[in-house]
Amino acid sequence: MELTVWGIITALIVGLVIGALGRLVVPGRQDMPIWLTMLIGVGAALLGTVIARASGIATATPGIDWVELLIQVVLAAVAVALVAGTGRRRRVSRY
């Protein structure tokens with residue numbers, strides 16, 4: 001697999017979309033920066049692709065593989081929920 005500039009740009013754009021979809025699925029407000037959303041999305045997209053290819057889902061249908069996309073969004077949502085949950089526990093509220 002060759003790493004090109006367009007490949008990196010595409011991975012960042014896909015990561016941003018997957019991360020944003022993951023944030024939309026998680027209820028409530030998540031206080032995290034856009035770079036963290038993108039990082040979670042890129043990780044979820046890569047891990048989702050690995051899982052889909054290992055289970056044979058990625059090559060089952062031509063065109064857009066909706067099951068692979070669903071796996072990626074679910075992984076992103078779980079990661080967003082975990083990161084948002086740990087961020088909330090660290091804050092101290094003083095009333």
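These notebook entries record what I looked up in the structure.

**Basis**

I worked from a predicted model, in which local features need pLDDT of at least 70, side-chain atom pairs count only at pLDDT 80 or more, and totals for chains, interfaces and linings use all residues. Residues are numbered from 1 along each chain as its sequence is written, and side-chain values use heavy atoms, with hydrogens and water left out.

**Entry 1: the chain**

I first listed the secondary structure, taking helices (H or I, at least four residues) and strands (E, at least two) as DSSP runs numbered from the N terminus. The chain holds 3 helices and 0 strands, and its elements run α-α-α from the N terminus on.

I then looked up burial, where buried means under 20% relative accessible area, exposed over 50%, and partly exposed in between (1.4 Å probe, protein chains only). Of the 95 residues in the chain, 29% are buried. For contacts (heavy atoms within 4.5 Å), I found that residues 24 or more positions apart account for 63% of those with a separation of 6 or more.

The accessible surface, from the Shrake-Rupley method with a 1.4 Å probe and with only the protein chains shown counting as cover for residues, comes to about 6,900 Å². Carbon and sulfur atoms hold 71% of that surface.

**Entry 2: helix α1**

Which residues of α1 are buried? They are Gly15, Ile18, Gly19 and Gly22. Seen down the axis of α1, these buried residues fall within an arc of 105°, so they line one face of the helix; the arc is that of the directions from the helix axis to the C-beta atoms. On the other side of α1, I noted Val5, Trp6, Ile13 and Leu24 as exposed.

I also recorded a nonpolar surface patch of about 750 Å², made by Val5, Trp6, Ile9, Ile13, Val17, Leu21 and Leu24. Patch residues have over 30% relative accessible area and no salt bridge; like charges are joined within 9 Å, and nonpolar side chains (Val, Leu, Ile, Met, Phe, Trp, Tyr) within 5 Å. Trp6, in helix α1, counts as exposed at 67% relative accessibility.

**Entry 3: Ile18 and its surroundings**

Ile18, in helix α1, counts as buried at 1% relative accessibility. Not counting residues up to four places away in sequence, Ile18 touches Gly41, Ala44, Ala45, Leu69, Gln72, Val73 and Ala76.

I followed Gln72, which is found in helix α3 (residues 66–90) and counts as buried at 8% relative accessibility. Leaving aside neighbours within four places in sequence, Gln72 is in contact with Ile18, Ala44, Ala45, Gly48 and Thr49.

Gly43, 25 residues apart from Ile18 along the chain, is at 9.5 Å; Leu70, 52 residues apart from Ile18, is at 9.6 Å. Gly43 has its place in helix α2 (residues 34–54) and counts as partly exposed at 36% relative accessibility.

**Entry 4: the salt bridge**

How many salt bridges are there? With a side-chain nitrogen of Lys or Arg within 4 Å of a carboxyl oxygen of Asp or Glu as the rule, the count comes to 1. The side chains of Arg29 and Asp31 meet in a salt bridge at 2.7 Å, N to O. Arg29 counts as exposed at 68% relative accessibility, whereas Asp31 is partly exposed with a relative accessible area of 46%.
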